[in-house]
Amino acid sequence: MAKKRENWASKIGVVLAVAGSAVGLGNFLRFPGVAAANGGGAFLIPYFIAFIFLGIPLAWIEWTLGRYGGQFEHGSAPGILNAVVRKPWAKYLGSLGIFGPLFINFYYIFVESWLLGYVWYAISGTLANASGAFPTMGEFFSQYITLQIQIMGIPAALFFFIITLILNFAIVFFGVKRGIERASRIMMPILVVLGLIMLVRVLTLPNISQGLGFLWNPDFSKLLDINVWFAASGQIFFTLSVGIGAILTYSSYVKKNQDIALSSLSANAANEFLEVIIGGTIVIPAAIVMMGAGQAESIANAGTFNLGFITMPMIFGMLPFAMFFQIVWFLLLFIGGVTSSISLLQPGISFCEDELNMNRRQSIGVLFFVFLIMGLFSVYGLGAGVVDEMDFWAGNFSLILFGTIMAVIFSWVLGVDKGWKEMNRGGDIKIPVIFKFIMKYITPTYLIVLLILWVALSGWNTITMKGIESSPFKPLDSPNITAIIGDIKNPQTQNAHTIRNNVSSETLLLIDNYSDTVKTSHNQQILKLNELYTIRGEEFITEDYTARFMEIINIENVPAEQLENLEALKNRQFRKVFGETYRYKTTYERTISAVLADLSALITKEDFYLDNAFDKAGFSGDTLRLIERYKDDNLDKADIHKLNRFIIADTFGENLSSMPQAEFLGFTVNQKRFISFMRIGFLILLLIINIIIGLFWKKNKLDLKLQKEDA
Amino acid sequence: MKKILIIATFVFLPLFVYGLRIEQAPLLWIISPKDGREVSRSFEIKGKVAYIDDKPAFNSVMINIAGVGSFVVDVDGNVWSKELKLPYGKHTIEVFGLDKSNKPVFRTSVSVITELRMSVGGWIFMVFAWLSIIALNIFTFTNIFKIKEEKIVEPLEIDTMDE
């Protein structure tokens, strides 16, 4: 502990670094979607209430605890909490402040690398060509993240991940002052300038008031919905980067008498500028202006990745200077991502340096190795739900829990009076006294309620994996889809007959026309496509390709506009699956996607079991048990969907899996089982972090030192 | 700065409260099926009676909106339907006059465009949010740069004294 810890060189440096930590994809993609879906302008009421009672106080608390811990030469959560609480158990609570940033970054850097990849493809013009239509843009994104697009002989997603990882570590390698602070001082102004360019471009679009109207017109009825308040609180929590442990570490490098009150508020203000003003103006309004008001709902509900990687490149592709705006957009997001990910690296580095007595070179080396392994786990496990799981446990659960722990420790363990004094020491502004009351009572209560609400509204279902069996059928669920098509074409059992009667007429037409010729024709077309890929090399989407794509659709006599009018497309589940599989081009593939989409639509039919007569002899024990519970009126919506899925799967026996399957490293795995193993793995890693903490504390006799200090 | 904040509060708070009271702008335009001209901007249900062009449509009507659903307003003004939400775009609305036995006695149809536009409430919310955030940024960052200058002076004085 004898080595001297670094300090920030300037106040503006730390403000920009913390603001950079907070500004990320959520500002530009998550906020507008959440706001539009939760009352538009009216959403701003719970949002600002959460900002004042939750975000601002919690940020001040985290800054205070961090600077306090820094005085004792601790920069990571275990050391800081131990120094604050002065009890041996506190350091183990702090392990969440290591687990959170590490696990968020394990997938965040991967997602960030997509942005770098897209910058590259925007510069090369590939993106401008691909952004002509939803199917091509969607296909490009899908193929990029599933490692099918190659660059220099390796998957492009892997290539850009490695570059992004090296870039991140290169920045933190130079330390807090020469690395993070300098990078933030360069990148944050660039981020603001790029954001302003996009803002001006969007605000000068014709009919922009339409788009702004969708985002800002208040719908006050939404304020009565508890989910809206929950969404607003969640957005504030995530956007300000509180509860992760990054601010805790950053502020540990603040000098003892240096201001934190104004710095924290400034960082929050900068984040709000980039979120509400810039983020709120770009995505949704531009999308609605360019794609029409009729698409408003689907755009708002498209999800963060669809908005960022499919919708937005298409929108900028429609504008003059498409390539320029695509580059600006993805560069903007990439810089936002880098400033966040370096802040998430620092708690781990600080833990290695301050608690494990490693030097910077050693800590960078160890963490780079860990990140490479876990990052590759994200790269290759994306389809199996690895990223979703990490996001859930580190990016949601750990975040809210650790935020609550910090608020309680500050107000009730350290004591709000002592904490208040510490917070205001060296302050360049005087924090209004009302916040003392807010921090003692309102913020901890708010957080505890938020934690309970989060578990009740969304967390519990994910924890128990409820609803996973009611997910739609994917190609992986069916090892022999042609056998299923054959069963529906010529049903041999009563249940197969029932399924046939429930299939849409459009799909039935495809099934009844299915023959070996269809498969042969498919193989021939795949060969033609492969030829095309070979000709184009690693350049995936080109004008030639788009033309070829349209040609194939026309050959099949199923123009896109005709597909959109199909009756079956009114079923949401059907649309989802069909949308995902629409990229298939041949009749064979279209038949498969139509069959899977139809079977998936049946899963969502509430009265599917009641409306049909099934032969129970073919049902498995699980299905029969669900039927018994159904008779007792003991099934909720998710269970009914699960029953439907089981019935359909039982009908086709081993040709269709009742449990959703996933692909990991080329193997097909049971998704539920895979997630269970992954969770055990996460727990083991958390346990290892705690063992390391315990061992090093013991080795350095830190608990003993603490006792002596107290005595 | 304090004065600016106080003035801003007094100017924007009433606007903000006013914004809360403003309902969403009418979203329906009725277009004449003959020449496509706008004939009405109000198609709405006031109380329990359906109005087209600010006049009660019929004593008893059934209104069907293709692809969305239908509802009936009976002679007593009761609306027999769930809430209908029109997606943005063009819609054809069929209006049936019903006799006591619920048989249609006549029928007419109109085209309706549900238009998305920024309402006054929307503008107020946007301006309020933007100005609040800009004011907070001006307050914090001017202070940061101001204090930085002051603090450069202080240590110099101390250093000089030490020497």
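Two residues count as in contact here if their C-beta atoms, placed from the backbone, lie within 7 Å. The model shown is predicted, so to speak for every view below: local features need pLDDT of at least 70, side-chain atom pairs count only at pLDDT 80 or more, and totals for chains, interfaces and linings use all residues. Residues are numbered from 1 along each chain as its sequence is written, with chains lettered from A and ligands numbered from 1 in the order in which they are written.

**View 1. Where chain B meets chain A.** On the chain B side, 23 residues are in contact with 29 residues of chain A. Helix α2 (residues 120–162) of chain B gives the most to that side, with 15 residues; helices (H or I, at least four residues) and strands (E, at least two) are DSSP runs, numbered from the N terminus. Sorted by class, the side of chain B that touches chain A has 13 nonpolar, eight polar and two charged residues. For that sorting, Ala, Val, Leu, Ile, Met, Phe, Trp, Tyr, Cys and Pro are nonpolar, Asp, Glu, Lys and Arg are charged, and the others, Gly among them, are polar.

**View 2. Chain B on its own.** Two helices and ten strands make up the secondary structure of chain B. Read from the N terminus, the elements go α-β-β-β-β-β-β-β-β-β-β-α. Of the 163 residues in chain B, 15% are buried (20 or more other C-beta atoms within 10 Å of the residue's own, C-beta atoms being placed from the backbone). Take the contacts in chain B between residues at least 6 apart in sequence, and 47% join residues at least 24 apart.

**View 3. Chain A, and its helices α9 and α18.** Chain A has 33 helices and four strands, and 52% of its 711 residues are buried. Helix α9 (residues 156–173) of chain A and helix α18 (residues 360–381) of chain A have axes that come within 11 Å and cross at roughly 155°. Axes are lines fitted to C-alpha atoms, for helices over the stretch in contact, and angles run from 0 to 180 degrees between N-to-C directions. That makes α9(A) roughly antiparallel to α18(A), the word used for angles over 145 degrees. On the α9(A) side the contact includes A:Phe161, A:Leu165 and A:Phe169, and on the α18(A) side A:Phe368, A:Phe371 and A:Gly375 are among the residues. The tally is twelve nonpolar, one polar and no charged.

**View 4. Helix α28 of chain A against α31.** Helix α28 (residues 587–603) of chain A packs on helix α31 (residues 637–651) of chain A at an angle of about 135°, with the axes 8 Å apart. A:Leu599, A:Leu602 and A:Ile603 in α28(A) meet A:His641, A:Asn644, A:Arg645 and A:Ile648 in α31(A). This contact has four nonpolar, two polar and one charged residues.

**View 5. Helix α28 of chain A again, now with α23.** Helix α23 (residues 505–512) of chain A and α28(A) pack at about 140°, with their axes 9 Å apart. These two are therefore oblique as well. From α23(A), A:Glu506, A:Thr507, A:Leu510 and A:Ile511 meet A:Arg590, A:Thr591, A:Ala594, A:Val595 and A:Asp598 in α28(A). Here the classes come to four nonpolar, two polar and three charged residues.

Note on methods:
A residue is buried if 20 or more other C-beta atoms lie within 10 Å of its own, exposed if 12 or fewer, and partly exposed in between; C-beta atoms are placed from the backbone. Angles under 35 degrees count as roughly parallel, over 145 as roughly antiparallel, 65 to 115 as roughly perpendicular and the rest as oblique.
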